[in-house]
Structures are given as C-alpha cells and as structure tokens.
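Have the sequence to hand as you read.

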Amino acid sequence: KVATACVVHIVTCMVGLGGSLTFFCLWCLPEELVVVTVATRETDGFKRFFRSAKHFNYTVKVLGEGEKWKSGDHTSSPGGGQKVRLLKAAVEDMKDEKQILLFVESYDVVFASGPSELLKKFQQARHKVVFSSESLIWPDRHLEDKHPHVAEGNRFLGSGGFIGHLPNIKEMLADWTGEDTDSDQLFFTNIYIDPVKRKSINITLDSRCRLFQNLHGALDDVVLKFEDGRVRARNVLYDTLPVVIHGNGPTKLQINYLGNYIPNMWTFETGCTASDDHISSFEYPLVLIAIFIQQPTPFVEVFFERLLRLQYPKNRLKLFIYNQVTEAHHEGQLSSFVKDHGSLYQDVKLVGPEEEMDQAASRNLGFDVCRKDEDCDYLFVLDIEVVLENEETLQILIEQNLPIVAPMITRVGRLWSNFWGALSAEGYYARSEDYVDIVQGRRVGVWSVPYLSSVYLVKAGLLRSELSTYELFTSSLLDPDMAYCHNVRGQGVFMYVTNMHTFGRILSTQNYQTSHLHNDLWQIFENPVDWQERYIHENYTRIMRDQLIETPCPDVYWFPILSDVGCNHIVEEMEHFGKWSGGATTDNRIQGGYENVPTIDIHMNQINFEKEWQKFLLEYIAPITEKMYPGYFTKCSTPLNFVVRYKPDEQPSLRPHHDASTFTLNIALNQVGPDYQGGGCRFLRYNCSVQAPRKGWTLLHPGRLTHYHEGLPTTGGVRYIAVSFVDP
C-alpha cells in the first residue's frame with residue numbers, strides 16, 4: 001500500500017548475467033519535506049537563504065529566533081552545540097513519522113534546485129540519513145583513520161547539512177547531552193564513525209556532492225553553470241549539480257559570489273532578476289552626506305556644482321565636510337560653497353585640517369555624527385574625487401533598500417572601480433571571474449561584494465546596531481577602507497554595488513600639481529573627460545553633425561572650441577604669471593632671437609603649459625583641420641603657442657603679416673563689448689574682416705602665402721587671444 005503523498009516508480013535493475021529484479025521506489029512529494037534551520041537573528045545571509053528557499057517553494061522552520069547565540073562563530077574554533085539542542089527539542093514535537101527533514105545552515109547557504117530533485121537524489125542514496133561531505137576533517141584530525149573509506153568522493157562528514165527520515169533523525173539526536181558551546185560537527189562525527197550507530201541509524205555521506213556542496217576545501221572544484229535560463233553550481237570533480245550550496249568555514253566570500261547568480265539571480269537570458277526585490281517606496285528620509293577631502297584634488301568646484309544638482313530635497317540633507325588638506329588649496333572653494341549655498345541644507349558641519357585627524361579618524365567621526373543623530377536615516381559617503389554625474393543617484397540607492405550599497409563608478413580608460421569582486425588570501429585585492437564583465441557593463445545588476453570605497457550609502461540603523469563600534473576604520477594592519485570593509489564583513493553585513501545605471505567616474509589625483517592659479521588646466525592627460533567637460537565649448541561635439549562651422553572669409557573657418565571657464569582660466573593664469581613681453585623685435589624666447597612682427601604676449605611654455613596645449617591641439621583641432629582641408633594631416637608638431645594682449649595704451653593692433661605656420665589658430669579669450677571695444681582680424685587679399693569675435697570661438701586659417709592679415713585696433717578695454725602657429 002502506497003501513501004497518497006508518494007509516487008510509485010517502478011525500476012528494473014539487471015542482476016547477474018541475465019536476470020532482472022523489479023522493485024518499488026517511493027519518492028515523496030514536497031509536502032512530506034520540511035526544512036529546518038537555526039537563525040537567532042535575521043542577517044543578510046539569512047535573507048538570502050530565505051529568498052532562495054522561497055524561489056523553490058521550500059517550507060522552512062526557523063529555530064532559535066531571538067535567542068542569544070552562545071556557540072561562537074565555529075569558523076576557526078569548534079562550536080554549534082546550540083543548534084543540536086534546538087533541533088533535538090524541535091523534532092521531539094514532530095509527530096508525522098513519514099516526514100523527511102532537511103537540516104541546513106542559513107547564514108551561508110543557498111538552494112540551487114527544488115524539493116523534487118532533492119528528494120529524488122535522497123532516495124537514490126538508499127539510506128535513511130544522508131550527511132554532506134567534506135574533503136577536510138574537522139575539528140579532530142585524530143579521528144581520520146576511523147572514518148570509513150568510500151569508493152569515490154569525500155570521506156569526512158560535514159554537519160552543516162543533512163537529510164533524513166524523522167524517526168532516524170530522532171534516534172540520532174537522542175544521545176545529545178552536550179553544552180551549547182560543544183561542537184555539533186564532532187557530535188555527529190562520533191555517531192558516524194561508530195559502526196554500530198552508523199548501521200542502526202542507517203547513515204551515509206553524500207560523498208560525490210549530489211545533494212550538498214561544502215565549499216571549504218573544494219573551491220577549485222565548483223564553477224557556475226549557465227544553461228537554459230538557469231544557473232547552477234557544478235562540481236567539476238564529480239560532474240554533479242548539488243542542490244544545497246554551503247559556504248562553510250572561511251568561504252563566506254565565495255558563497256556571496258555564487259549567491260549573486262544562484263538561484264537565477266542573474267542569467268544571460270534575463271539579466272538581473274534580484275534588483276526588483278529590493279525596491280521600496282519612500283518619502284525622502286533624512287540623509288547625512290559625509291564628504292571627505294583627503295588630498296589636493298582637481299575639479300573641486302565642479303564637485304560642488306554637481307552636489308547642488310543632486311535631485312533630492314536639500315532640507316532633507318545634512319552635510320559633514322572634512323578637509324584634511326593642510327595647504328590652503330581648497331579653503332576658498334569650501335568657504336565659497338558654504339557661504340553661497342550652505343543655508344539650503346538642514347545643517348552643515350565643517351571640520352578642517354586644524355583638527356589634525358588622519359583618514360581613519362575623520363571617517364570614524366563622520367559615521368558617528370550620523371550614528372548619534374536620531375533623525376539621521378542614511379549616511380551617504382562621498383569622497384571628493386567622485387564625479388557623480390547621475391543626479392538621481394541618491395534616490396536610486398535608497399530605493400534599493402539594502403544595508404550598504406554603492407553606485408559603481410570607474411576610472412576612464414582603466415578597469416579600476418570602487419569595488420573589489422574578490423579578496424586574496426591575505427585580504428587584499430583579487431579579481432573575480434565576473435569583475436571585468438561587471439565593470440564594462442556586460443553584466444548588469446546588483447552585486448554582493450567584499451569591498452567598497454569612495455561612494456556608498458549606509459542605513460543609519462546599522463550604525464546603531466551591528467556597526468555600533470566607533471573605530472570602524474581603525475586598524476594597525478589595514479588601510480581605513482579595508483579595515484571598514486573587514487569590520488562590516490565580520491558582522492555578517494552584506495555590501496552591494498549596482499551598475500543598473502550609469503553613475504559617474506572617479507578622478508585621478510596622481511601628478512596633480514598645486515603650484516598654479518588654476519591647476520585644473522593641467523589635467524588634460526590625467527583626467528581628459530573632466531578636462532573636456534570643464535574647458536571645451538559645450539557645442540564642440542556638434543560641430544560636424546549640426547554644421548556649426550562658419551566661413552566668414554575664404555578658407556577661414558570659425559567654430560566654438562573653448563568654454564567660458566576655459567577662456568577665463570587661461571587669461572587669469574597669464575595675468576597671474578604676469579611676465580608679458582615688451583613687444584620688441586628682439587625675443588630670446590624663440591629660435592634665432594628675432595621676431596619680425598612682435599606682440600605683447602606670454603608663451604605657453606613660460607607657464608609650463610606647452611605639453612598640455614599641444615595635446616589640446618592634437619585632440620580637438622587636428623580632427624577639424626583634417627575635415628576642412630582634405631588631404632592634409634597634422635600631428636601639430638613644434639607649434640608656437642602664446643597668448644596675446646591688446647590694449648589701446650599698450651599695443652592696440654598688429655600690422656599686416658604672414659604667420660610662420662602651415663595653419664594658424666586664433667581663439668578669442670574674452671568678449672567684445674563687455675570686455676573690450678574694437679579688435680578683430682582682417683584678411684587683406686580678400687578684403688574680409690571678422691570684427692566681432694565670439695568668446696571661445698576660434699579662427700582657423702592658412703598661415704602663409706594666401707592669408708596676409710592684420711590685427712584690427714582695440715579701442716577700449718583689454719583684448720586677449722590665444723594663438724598657435726601649427727606646423728611651421
């Protein structure tokens with residue numbers, strides 16, 4: 001007679017040389033299975049476990065909720081007896097003798113398949129109780145010889161997962177009289193290595209990892225398997241697809257990595273399916289934005305401009321700004337921002353270098369400001385090097401409803417990002433298998449990672465609970481960010497990075513010099529994208545597409561090239577340098593020492609800007625030249641670059657002349673009308689003048705033979721132009 005909750009499968013096996021035996025195998029349906037786990041608190045790992053159980057419709061009974069955990073972490077020392085006590089008490093109340101019980105850990109476990117496959121494989125094991133197996137013995141190595149040998153696979157018992165019939169499990173637990181601090185693994189091992197008990201209870205090991213996969217000692221054996229819209233963990237050593245994946249011992253980072261995909265959290269067919277689980281509506285919680293300036297950094301003014309454009313009510317924002325830079329490089333920018341815009345925010349707290357805090361101390365303080373503020377709902381860490389282009393960033397991160405989440409940012413042209421996909425054995429950077437795909441956007445989703453830096457959002461509730469320790473960033477061995485992430489991981493708190501949107505990038509601070517008035521002008525090599533956004537005209541990229549190039553005179557082309565800020569900074573830099581030439585024909589700055597048509601000027605090389613200006617010509621002028629003068633290609637070699645100043649009482653004009661160049665660049669650095677009157681350029685051969693040069697626009701024309709020209713008189717104010725004689 002077959003129970004109604006079971007299905008009969010008729011199996012025919014070959015016996016001897018020709019006979020056969022037909023027998024019945026009962027595979028119970030999922031209603032007969034109950035999953036039992038122990039979780040004294042609802043950690044991020046538990047939420048992941050429960051999500052995977054829900055995905056496959058497992059029924060889970062949780063033991064120990066609200067109890068104080070007394071069994072240690074049992075990753076480096078024995079423990080876990082509390083689980084056995086709780087399980088023994090629970091099974092004593094279970095009365096259905098037909099029930100099959102699966103016991104698993106929860107903080108570091110995910111399900112990779114459903115109850116039907118699990119039960120099928122359990123029945124195929126032909127034993128009443130099946131334990132997970134390991135290749136490493138723990139916790140007593142002296143018991144190695146007492147373990148029975150197996151035909152193939154792992155010899156040693158793992159207590160983190162087992163499945164069995166309820167009566168047999170009750171028999172197995174009946175002898176437990178230990179303390180909560182005793183080792184559960186040792187208790188079950190002693191039962192397994194006792195031949196009498198092993199036979200009586202009918203215990204075996206899942207030696208080939210068909211049901212359970214313990215990762216400790218098997219990291220090289222386990223890979224992700226993507227197939228038909230599903231993701232599994234595959235044991236390549238035994239060619240099996242385990243149902244339960246357990247990151248036992250020191251393999252928490254590896255189970256976190258696998259948990260990014262299993263069960264079907266991300267597939268090639270569907271992409272990310274996990275992100276929608278985190279979305280929650282909100283009504284603008286209070287956020288403390290903690291800004292850290294650890295070193296001289298380019299484009300700080302732009303940073304604060306972007307901060308102002310952040311789409312979030314400013315009356316729901318507080319600012320904590322720490323400036324560690326001892327020199328006065330950023331003081332003016334900070335004070336100007338606070339003076340002009342500080343009143344928009346609910347509160348602004350400035351901490352300067354006079355406090356003599358190191359990086360760890362300043363970050364500990366910033367976190368504690370939010371921790372102690374009862375109104376603070378979130379802490380948003382934002383380093384000054386971060387270029388946050390997405391104005392919706394803060395709202396996007398809050399909507400994820402995650403404990404700690406970062407927007408992925410990268411460094412232009414490199415694989416550097418603000419997260420690590422893996423850690424080395426020493427706790428330093430290691431590249432995960434999916435790191436490049438995530439950074440380059442071939443895999444898009446929300447990813448659990450072991451390390452974050454530069455920009456991330458933290459739930460303030462964590463700072464008052466799991467992360468209540470003040471010195472989160474302090475360590476004698478690790479740098480502050482590594483120490484922080486180490487402490488976060490140690491509390492079982494998950495950190496996430498999302499690349500579901502494009503958020504921005506991070507600046508390079510290498511080779512940033514502070515010896516100039518406008519040091520950002522020199523960043524064309526280190527931070528080319530930011531340099532372009534700051535100093536190149538906003539319409540430059542539309543020149544060809546929208547036909548913005550004008551032809552005011554034959555073979556003279558006129559188009560936008562520099563932004564207002566770019567023009568202003570060049571003029572101010574030259575005036576700050578102040579060593580204008582006298583306008584004499586004798587000029588030791590040029591080869592030969594003689595200038596036929598002198599101007600009052602400063603050469604770019606006098607302010608050490610020659611290399612940067614040539615890069616500018618090559619990147620932004622050469623492509624236009626090649627379009628306008630077909631068949632001519634330039635490398636912008638050995639140009640003569642300088643800024644000319646015209647004043648009525650100094651040098652108002654320039655007599656007709658040819659330039660010592662194949663082509664000449666003439667950029668208007670200020671505006672006719674507000675800044676000066678008169679001025680312009682006249683091409684004598686064509687009797688054609690450009691008399692109202694637009695600020696930031698350049699004239700591009702041949703230098704020799706055909707374009708004999710003169711500088712028209714400046715009648716008032718001061719006129720500035722940037723000139724390049726290219727390909728002399």
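Asp479 caps the N-terminal end of α14, with a side-chain oxygen 3.2 Å from the backbone nitrogen of Asp481. That counts as a polar contact, meaning a pair of N or O atoms within 3.5 Å; within protein, one must be able to donate a hydrogen and the other to accept it, and residues adjacent in sequence count only if both atoms are side-chain atoms. Helices (H or I, at least four residues) and strands (E, at least two) are DSSP runs numbered from the N terminus. This is a predicted model, where local features need pLDDT of at least 70 and side-chain atom pairs count only at pLDDT 80 or more, while totals for chains, interfaces and linings use all residues. Residues are numbered from 1 along each chain as its sequence is written, and side-chain values use heavy atoms, with hydrogens and water left out.

Back to α14, which runs over residues 480–490. Its buried residues (under 20% relative accessible area, with over 50% being exposed and anything in between partly exposed; 1.4 Å probe, protein chains only) are Pro480, Asp481, Met482, Ala483, Tyr484, Cys485 and Val488. Among the elements covering them are helix α10 (359–372) and the strands β21 (404–407), β27 (455–459) and β28 (495–498). After the helix comes Gly492, with a positive phi near 75°.

Now for the rings. Searching the whole structure turns up 45 aromatic pairs. Rings of Phe, Tyr and Trp (its six-membered ring) pair if their centres lie within 6.5 Å; planes under 30 degrees apart count as stacked, over 60 as edge-to-face and the rest as tilted. Here are two of those pairs.

| Pair | Centre to centre | Angle between planes | Class |
|---|---|---|---|
| Phe49 and Phe111 | 5.6 Å | 35° | tilted |
| Trp613 and Phe616 | 4.5 Å | 45° | tilted |

Phe49 belongs to helix α1 (residues 44–55) and Phe111 to strand β6 (residues 109–111), so this pair ties together parts 62 residues apart in sequence. Phe49 and Phe111 are both buried. Trp613 and Phe616 sit three residues apart in helix α17 (residues 610–628), separated by about one helical turn, and both are buried too. They also belong to one aromatic cluster with Trp522, Trp531, Tyr535, Tyr540, Phe609 and Tyr620.

The charged end of Lys611 sits over the ring of Phe525, 5.5 Å from its centre, and that of Arg694 sits over the ring of Trp697 at 4.4 Å. The test is NZ of Lys or CZ of Arg within 6 Å of the ring centre and within 35 degrees of the ring normal.

What does Ser159 touch? This residue lies in strand β8 (residues 156–165) and is buried, with a relative accessible area of 5%. Leaving out residues up to four places away in sequence, Ser159 touches Phe103, Phe131, Ser132, Asp184, Gln185 and Phe188, where contact means heavy atoms within 4.5 Å. The side chains of Ser159 and Asp184 are joined by a polar contact of 3.2 Å.
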